[in-house]
Amino acid sequence: MEKIPRQKMPVQDAKERIKNFSSVALGYSEEQAVLEARRCIQCKKPACIGGCPVEVDIPGFIKKIAEKNFAEAIKILKNKNNLPAICGRVCPQETQCEIKCVLAKKGEPVAIGRLERFAADWEIEQSSEFRVQSSEKKLRTMNYELRTKIAVAGSGPAGLTCAADLAKIGYDVTIFESLHETGGVLMYGIPEFRLPKKTVKIEIDYIKSLGVNIKTNILVGKTKTVQELFDEGFKAIFVGTGAGLPQFLGIPGENLNRIYSANEFLTRANLMKAYKFPEYDTPIDIGKRVAVIGAGNVAMDAARVSLRLGADEVLIVYRRTEKEMPARLEEIENAKEEGVKLHLLTAPIRFIGDENNNVTGMECLKMELGEPDSSGRRRPVPIKNSEFKFDVDTVVMAIGQSPNPLLPKTIQGLQVGKHGNIITDEKTGATSIAGIFAGGDIATGASTIIEAMGAGKRASRAIDEYIKNLKI
Ligand code: FAD
Ligand code: SF4
């Protein structure tokens, strides 16, 4: 049989795309999708499924694409994944399902994520009636008026998944979100050129079409306490409030002007649309030489947004080597193509400012790699007397985020870990308090979209069990 090569993702040219916020990856054509789907050998024991935290029937949906039955492909996908257009764009498939694909051994796994995106985008192009009809509702035969009420705090991927899966089996679910927009990091963190907000809104509309109510501008713990929610008749609560608390290095000069947390920087750019200034009234004071500290997805996003906002030079400053960079491979490659420079084996030790308190430079130490640490990656070790300085006029700190502390602090008796994360049973999301479940970044610390969705799914099953045991 003729060997079909892995299909390349068409992308916007690097020189052009740094001048706009439109999608970088353009998506497979129908012809490419069918060819790529035909590469799947339909394993009898498909290892790929084991790599998917939401248990998508991967060979099942791929087979339908190969047969050009796209309507059936999206139905199979949505049976397990409520956010396929989002996951198809930003899931780290290379370390999840694709790494487990048998064809990965030869270095060319089936492009599962790109096929997922193709099927989801195909559905989006159909009429909205078609979209609603194709969603699989499994409403139990229960009295609609007497359905059990479940509350969800936070509308990121964990909360959305938990809510959608509970609504599908007949619960009356309300999501309470503190911001004015729904979607969590999908909306305020990940930039438009990787994840268009229109796509996020379409998938959220699908979740609403399942019957999920969404109430924005409600900070659970402040506007409404968890006890008040129970008093209003909610029988269980899922907490999916994420990890939005920025971490800092704790070194001198960190309070200088034009040193941003990535969280603030990206929220201003994405949610408050700073890139459309003055049409939107959100300026970002950005200089010409930007240093982004860190090398995860957040750092890559901050670096690429900086370029698009007009910086001449953007440097990623990271204390390990490129091999250890935690960002998705595709994002690192895209960032390098766009001109982002990597300053590796480098750790800042102080920021330097001028008389107006604006940052003007950084002092750093050179590092080398030592023995592996608890994460399995080789530990960066400072090289003695290797201090050096360089000029920068903007710094973005992207070294990690901690769980949002507000809500856990207001729940008496809730067990919380040393990093402020809610302690849960990994399989069920159960917390130390009966009826309160949690999952996603609030429990694990900053992780990935699909891990948060997996936690939401597991918690939805556990909540269903919990409610059945209450014998309401
Ligand atoms: P979140 O998405 O953080 O959502 C939590 C929601 O809860 C927010 O909307 C917040 O406003 C709300 N909230 C907080 N407190 C309260 C309260 N008290 N009451 C009501 N609502 C509240 N992962 C990937 O897999 N691929 C990527 O490419 C990727 N890129 C990323 C880029 C950036 C810039 C960032 C920041 C993260 C990225 N991640 C990526 C990580 C991923 O987005 C997160 O792991 C995921 O969003 C966690 O989902 P969550 O539902 O737990 O929390
Ligand atoms: Fe197809 Fe790869 Fe999954 Fe096998 S492991 S079924 S080849 S996607």
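**Figure 1. Burial and pairing of strand 8.** Strand 8 is largely enclosed by the rest of the structure, because four of its five residues are buried. Buried denotes under 20% relative accessible area, exposed over 50%, and partly exposed the range in between, with a 1.4 Å probe and protein chains only. This is a predicted model, in which local features need pLDDT of at least 70 and side-chain atom pairs count only at pLDDT 80 or more, whereas totals for chains, interfaces and linings use all residues. Residues are numbered from 1 along each chain as its sequence is written, chains are lettered from A and ligands numbered from 1 in the order in which they are written, and side-chain values use heavy atoms, with hydrogens and water left out. Helices (H or I, at least four residues) and strands (E, at least two) are DSSP runs numbered from the N terminus. Strand 8 pairs with strand 7 in the parallel sense over five bridges, and Ala291 stands opposite Leu315 of strand 8. Two strands are taken to pair if DSSP finds at least two bridges between them. Strand 8 is also joined to strand 9 by three bridges, again in parallel; here Leu315 stands opposite Lys341 of strand 9. The chain passes from strand 8 through helix 16 to strand 9 in a right-handed β-α-β crossover. Strand 7, helix 15 and strand 8 likewise make a right-handed β-α-β unit. Right-handed means that, with the strands pointing away from the viewer, the path from the first strand over the helix to the second runs clockwise.

Figure 2. Strand 6 and strand 14 (residues 394–397) run parallel and are joined by three bridges, with Ser261 opposite Met397 of strand 14. Angles run from 0 to 180 degrees between N-to-C directions, and axes are lines fitted to C-alpha atoms, for helices over the stretch in contact.

**Figure 3. Surroundings of Arg289.** Arg289 lies in strand 7 and counts as partly exposed, because its relative accessibility is 23%. Apart from neighbours within four places in sequence, Arg289 is in contact with Glu313, Leu315, Phe390, Asp391, Val392, Asp393 and Thr394. Contact is defined as heavy atoms within 4.5 Å. Leu307 is 18 residues from Arg289 in sequence, and their C-alpha atoms are 9.7 Å apart.

**Figure 4. Packing of helix 15 on helix 16.** Angles under 35 degrees count as roughly parallel, over 145 as roughly antiparallel, 65 to 115 as roughly perpendicular and the rest as oblique. Helix 15 passes helix 16 in a left-handed crossing, that is, the near helix is turned anticlockwise from the far one by less than a right angle, clockwise being right-handed. Asn297, Met300 and Arg304 of helix 15 meet Glu331, Ile332, Asn334 and Ala335 of helix 16.

**Figure 5. Packing of helix 4 on helix 5.** Helix 4 (residues 58–66) and helix 5 (residues 70–80) pack at an angle of about 170°, and their axes are 7 Å apart. The pair is therefore roughly antiparallel. Helix 4 contributes Gly60, Phe61, Lys64 and Ile65 to the contact, and helix 5 contributes Phe70, Glu72, Ala73, Ile76 and Leu77.

Figure 6. Helix 14 (residues 262–270) is largely enclosed by the rest of the structure, because seven of its nine residues are buried. These buried residues are Ala262, Asn263, Phe265, Leu266, Thr267, Ala269 and Asn270. They pack against helix 11 (185–188), strand 5 (245–246), strand 6, helix 15 and strand 14.

**Figure 7. Strand 1 and its partners.** Four of the five residues of strand 1 (residues 149–153) are buried, so this strand is largely enclosed by the rest of the structure. Strand 1 runs parallel to strand 2 (residues 172–176), to which five bridges join it, and Lys149 stands opposite Asp172 of strand 2.
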